[in-house]
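Thanks, everyone. Please have the display open.

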Amino acid sequence: MTERSQYFVRAMAEGLRDAMREDPSVVVIGEDVDRSIIGATRGLIDEFGAERVRNTPISEATFVGACIGAAAVGLRPVVDLMVGSFFYVAMDQVANQAARLRYMTGGQVELPIVYFTASGPSGSAAAQHSENPHPMLMNVGGLKVVMPSTPADAKGLMLAAVRDPNPVLYFQDAVLAGVRGPVPDQPYEVPIGVADVKREGDDVTVVAVGALVGRALRVAESLALEGVSVEVVDPRTLVPLDLDAIVGSVRKTGRLVVCDNARRTCGAASEIAAAVTEVAFPSLKAAPRRVAWEDVPVPFSPILEQRVLVDEERISAAVLAVLGKVPVEG
Amino acid sequence: MTEPDVGAQLEMLRSMLRIRRFEERLALLFKRGKLPGFVHLYIGEEAVAVGVCSALRAEDRITSTHRGHGHLLAKGAQADRMMAELFGRVTGYCRGKGGSMHIADFGVGIIGANGIVGGGIPIATGAAWGDRQLGRDLVTVSFFGDGASNQGVFFESMNLAAIWRLPVVFVCENNGYTEWTPTERLTAGKISGRSVPFGVPGLEVDGNDVLSVHAAARQAVRRARAGEGPAAPPRVPIGRPQRRRGSLLRPVPPGSRAAGMAEARPDRPPDRRANCAGGRDGRHRADRPGRAGGRGPSR
């Protein structure tokens with residue numbers, strides 16, 4: 001497969017383009033999707049026209065809900081929500097409707113919908129534009145949740161999400177938009193529910209999601225110089241979680257650090273740490289550690305924001321803590 | 001507009017009676033403690049569901065409400081599979097996963113009842129969008145209550161339907177109560193006027209008069225189906241059944257205040273004007289020459 005370097009959001013757009021080319025019932029809607037402020041839908045209107053690339057009014061609850069009806073009658077809608085917190089605006093339609101209709105009707109209908117958004121902190125965006133709402137949505141039940149960390153995964157997971165017969169929530173960590181990486185030219189699928197070992201190691205398993213995967217890799221690189229071998233596992237999909245892959249890694253290393261780009265309480269880090277502990281407790285040489293945000297709204301002030309969020313220093317400290325090399329904090 | 005012929009009117013009467021009998025049976029089963037969960041009865045509003053659904057094709061679609069049994073029966077759902085669902089059985093429409101407020105039958109265009117007030121309105125709008133996008137000339141009707149007319153998605157959906165010129169008909173059933181509070185204390189202005197700023201024609205019809213509802217619905221559905229163009233925006237017939245019989249039935253501890261309310265309401269005699277479905281008192285309709293007599297649904 002030939003490949004070239006591509007930006008993360010452009011890779012998402014390629015995945016969307018591939019999906020729209022293979023299936024004329026795929027449509028993209030959202031606010032300003034014709035020009036695309038962030039870039040994941042840019043250019044699609046030129047190839048597919050205004051009927052399939054539609055701008056919506058700023059009515060999140062209604063256009064999120066409209067996709068349920070549209071999907072129920074045969075469309076495959078893809079929705080750009082633009083900012084992660086906007087899921088909260090549409091929460092009834094997301095949690096009570098999209099996540100429920102297939103189950104509550106006894107499986108009468110498939111709902112192939114993708115809700116994607118840029119999300120997470122991007123630098124002094126303040127609390128209403130820095131959310132990563134995936135922890136709350138993981139808990140809804142009935143929604144698939146994916147969060148790619150590389151351009152190649154971003155493209156392949158987009159095609160997989162559009163092909164999936166269920167609502168899939170696709171989170172693009174905002175800071176990754178301009179990250180480049182090798183992306184294959186051809187259409188391809190990264191299967192939903194399959195984790196990826198981004199770096200092999202023997203001493204500690206670091207599970208990281210979204211933008212934290214890159215930070216975990218940099219930590220692994222610098223700790224390697226000190227003789228610490230870190231394995232970095234990227235779940236890529238949070239629902240359904242590839243627990244086997246994570247547990248397999250923990251059985252090898254005996255130590256677990258989970259990094260989530262969201263608040264600590266009931267977050268992906270908490271869920272993964274708990275799930276691994278339940279099934280692989282005998283393999284653990286130390287208590288798992290979570291690295292996540294403090295349980296507060298994300299601050300605006302840069303210095304306060306830095307205090308709350310997850311950086312490489314904090315990941316590194318957690319790795320050293322499970323190795324017993326530094327005292328456990330907090 | 002010509003009235004439906006005698007055969008069609010008889011079919012409307014049958015449909016209304018089927019709903020009434022179904023609901024009466026449910027009330028009985030509930031009283032005896034046989035039904036799991038809780039149910040919202042449609043008694044007294046039969047003319048709205050039947051008047052509207054009789055104006056639809058079999059393939060047209062509806063979304064319904066928490067008080068949805070009447071809409072479903074009028075649209076062609078099978079009473080036995082509905083009853084099985086109400087008992088939580090695997091032979092029910094939703095294999096027992098949904099219950100009273102969540103019955104759907106996609107085979108006859110029922111996208112689903114809905115337990116969230118107003119929750120079905122965007123879904124109906126989207127179904128209309130999907131059908132239009134896929135080149136079908138189908139119409140979707142969104143049934144909702146006066147309470148839902150105060151939800152944001154009602155206004156948002158009307159806006160979206162108007163700018164995208166979608167074949168959706170919004171049918172508001174104003175039964176006079178939002179939960180337990182009189183609607184006029186909670187709802188400003190006329191609900192039928194709420195569509196006007198969107199350029200969507202709204203009209204108010206007597207929801208106890210099945211022929212009036214049918215005529216209004218037929219006109220709205222025809223315009224919606226005709227597709228784009230300024231003469232064919234979505235319509236808003238507003239049904240006004242004056243009073244229903246049972247409101248909400250749910251298990252409550254005997255002797256509590258809530259129990260008193262839940263038990264008292266189903267026993268209250270239905271308002272005379274709500275007797276469109278062949279109830280005990282046909283005077284209201286018989287008073288109106290040209291419509292009553294032996295052939296219409298007033299008997």
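I start at V206(A), which touches A216(A), A220(A), V230(A), E231(A), V232(A), V257(A), C259(A), I315(A) and V319(A), leaving out residues up to four places away in sequence. Contact here means that two C-beta atoms, placed from the backbone, lie within 7 Å.

Some bookkeeping before the rest. This is a predicted model, where local features need pLDDT of at least 70 and side-chain atom pairs count only at pLDDT 80 or more, while totals for chains, interfaces and linings use all residues. Residues are numbered from 1 along each chain as its sequence is written, and chains are lettered from A and ligands numbered from 1 in the order in which they are written.

Back to V206(A). In the largest nonpolar core, which has 177 residues, Y170(A), V206(A) and C259(A) touch the most other members. A nonpolar core is a set of buried Ala, Val, Leu, Ile, Met, Phe, Trp, Tyr and Cys residues joined through C-beta atoms within 7 Å. Buried means 20 or more other C-beta atoms within 10 Å of the residue's own, again placed from the backbone. Helix α3(A) provides the largest share of this core, nine residues. Helices are DSSP runs of H or I with at least four residues, strands are runs of E with at least two, and both are numbered from the N terminus. The core lies between domain 1 (3-184) and domain 2 (196-322) of chain A, because both give residues to it. Those bounds come from an automatic or database domain assignment.

How far apart are the C-alpha centres of domain 1 and domain 2 of chain A? The separation is 26 Å. Each of these two domains puts 24 residues into the contact. On the domain 1 side, α7 (134-138), β6 (144-146), α8 (151-163) and β7 (168-173) of chain A are the elements giving two or more residues. That side comprises 14 nonpolar, seven polar and three charged residues. Nonpolar covers Ala, Val, Leu, Ile, Met, Phe, Trp, Tyr, Cys and Pro; charged covers Asp, Glu, Lys and Arg; the others, Gly among them, are polar.

Next, the sheet. Seven strands of chain A form an open, mixed sheet in the order β3-β2-β4-β5-β7-β6-β12. β3 (53-55) and β12 (237-239) of chain A are at the edges with a single partner strand each, so one side of each has no neighbour in the sheet. β6(A) and β12(A) pair in the antiparallel sense over two bridges; pairing requires at least two DSSP bridges. V145(A) sits opposite V239(A) in β12(A).

Strand β7 of chain A contains L169(A). Is L169(A) buried or exposed? L169(A) is buried, with 30 other C-beta atoms within 10 Å. Beyond four places in sequence, L169(A) is in contact with Y115(A), L137(A), L143(A), K144(A) and V145(A).

Last, the two chains. 29 residues of chain A meet 29 residues of chain B. α3 (60-72), α5 (91-98) and α6 (101-104) of chain A each supply at least two residues on the chain A side. α3(A) gives the most, 10 residues. The chain A side divides into 15 nonpolar, 12 polar and two charged residues. Chain B itself has nine helices and 10 strands, and 52% of its 299 residues are buried.

Methods:
Buried ≥ 20, exposed ≤ 12 C-beta atoms within 10 Å, placed from the backbone.
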